[in-house]
Amino acid sequence: MLNLFRHGTVTQIEPIAERMRRVRISGTQLRELSWVPGTHIRLRVGDPRQPRSWLRGLLRTYSIWDYSPEGHLDICVLDHPEAGPGALWSRQARIGDAIAFMGPEGRFALREGAPYHLFAGDETAAAAFGAMIRALPSSAAVHGVILADGPGDRLPLDRDDRLTWIYRPDELLDAVRSLDLPDEPGVAYVAGEARTCQAVRGHLVDNRGWSRRDVVVKPFWAPGRRGMD
Ligand SMILES: Cc1cc2nc3c(=O)[nH]c(=O)nc-3n(C[C@H](O)[C@H](O)[C@H](O)COP(=O)(O)OP(=O)(O)OC[C@H]3O[C@@H](n4cnc5c(N)ncnc54)[C@H](O)[C@@H]3O)c2cc1C
């Protein structure tokens with residue numbers, strides 16, 4: 001049978017924010033992957049002693065926070081209150097655990113030649129944004145808003161002076177509405193909770209006159225939905 005999975009081992013676990021763990025996965029199968037910042041892996045979070053568990057939907061998707069072609073990648077997993085298999089996996093992960101994943105894959109990626117880059121999303125999107133912003137040349141113009149529960153959720157992001165962190169109950173849409181952006185459209189990268197993503201795109205297209213092509217949207221989760229990819 002064709003094996004779609006790559007295999008590695010957990011080699012580091014650290015809290016990167018109050019509710020987020022950075023988990024490093026290493027191994028020879030992770031060398032020289034073709035990785036584009038913003039893309040993700042689909043991780044098998046089922047019990048490895050029950051090899052059929054992934055067939056029951058126990059895959060969860062995580063953006064790659066960082067990658068080394070020498071053979072490791074980092075993901076940042078949010079420990080949210082309704083913790084499903086993904087958040088529970090991150091709580092229980094230990095150094096030496098065997099890992100199986102698919103990818104890197106996905107189309108959430110920087111667009112070259114944009115007059116400026118606008119990042120809008122929540123704390124789950126911050127991992128993808130971190131990798132994307134790191135990959136931008138220092139001359140690239142950056143704007144951004146990130147929604148989180150509180151300052152403890154902030155990930156260490158490059159160009160942080162260009163990003164506004166806001167905290168619930170404030171809303172991402174209001175913060176994007178209030179942004180002082182150049183008159184002409186840039187390229188927006190919008191990720192996180194699904195309805196909020198649609199609302200932010202609606203605002204950029206309907207109120208600011210952007211074309212839908214200028215807005216790269218990737219819903220990461222939705223209340224009541226399990227394991228989006
Ligand atoms: C392309 C892509 C990239 C992603 N990158 C990341 C990433 O880098 N880091 C990361 O932490 N997650 C990321 N996610 C989300 C991740 O895949 C899981 O959906 C998330 O970890 C929840 O999985 P779970 O098994 O804990 O909960 P699930 O079983 O999937 O969901 C259970 C319930 O928990 C609630 N819920 C789910 N997520 C959240 C949340 N963020 N806040 C509040 N409530 C929630 C919902 O009501 C949901 O019905 C990404 C998703 C996609 C599609």
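Glycine 8 has isoleucine 99 of β6 as its bridge partner. The strands β1 and β6 (residues 98-105) run antiparallel and are joined by 4 bridges; strands count as paired if DSSP finds at least two bridges between them. Helices (H or I, at least four residues) and strands (E, at least two) are DSSP runs, numbered from the N terminus.

The model is a predicted one, in which local features need pLDDT of at least 70 and side-chain atom pairs count only at pLDDT 80 or more, while totals for chains, interfaces and linings use all residues. Residue numbers start from 1 along each chain as its sequence is written.

## The barrel and its helices

In the order β1-β2-β5-β4-β3-β6, 6 strands close into a barrel with antiparallel pairing. On average, neighbouring strands of this sheet are turned by 45° against each other, direction ignored. Axes are lines fitted to C-alpha atoms, for helices over the stretch in contact, and angles run from 0 to 180 degrees between N-to-C directions.

Helix α1 lies across β2 (20-26), β4 and β5, and runs at about 115° to β5. Helix α2 (residues 126-135) also lies across β4 and β5, running at about 25° to β4. Contact between two residues requires C-beta atoms, placed from the backbone, within 7 Å.

The chain is divided into domain 1 (6-105) and domain 2 (117-221), with bounds that come from an automatic or database domain assignment. Their C-alpha centres lie 24 Å apart. The contact takes 14 residues from domain 1 and 13 residues from domain 2.

On the side of domain 1 that touches domain 2, the elements giving two or more residues are β1 (6-17), β4 and β5. Of these, β4 gives the most, with 4 residues. The residues of this side divide into 9 nonpolar, 2 polar and 3 charged. Ala, Val, Leu, Ile, Met, Phe, Trp, Tyr, Cys and Pro count as nonpolar, Asp, Glu, Lys and Arg as charged, and the others, Gly among them, as polar.

## The ligand shell

The ligand is surrounded by 29 residues, the closest being Leu78, Glu82, Gly84, Gly86 and Ala87; a residue is near a molecule or strand if its C-beta atom, placed from the backbone, lies within 6 Å of it. Two or more residues of the shell come from each of β4 (59-68), β5 (72-78), α1 (85-92) and β11 (215-221).

Each of domain 1 and domain 2 supplies at least three residues to the shell. By class, the shell has 13 nonpolar, 10 polar and 6 charged residues.
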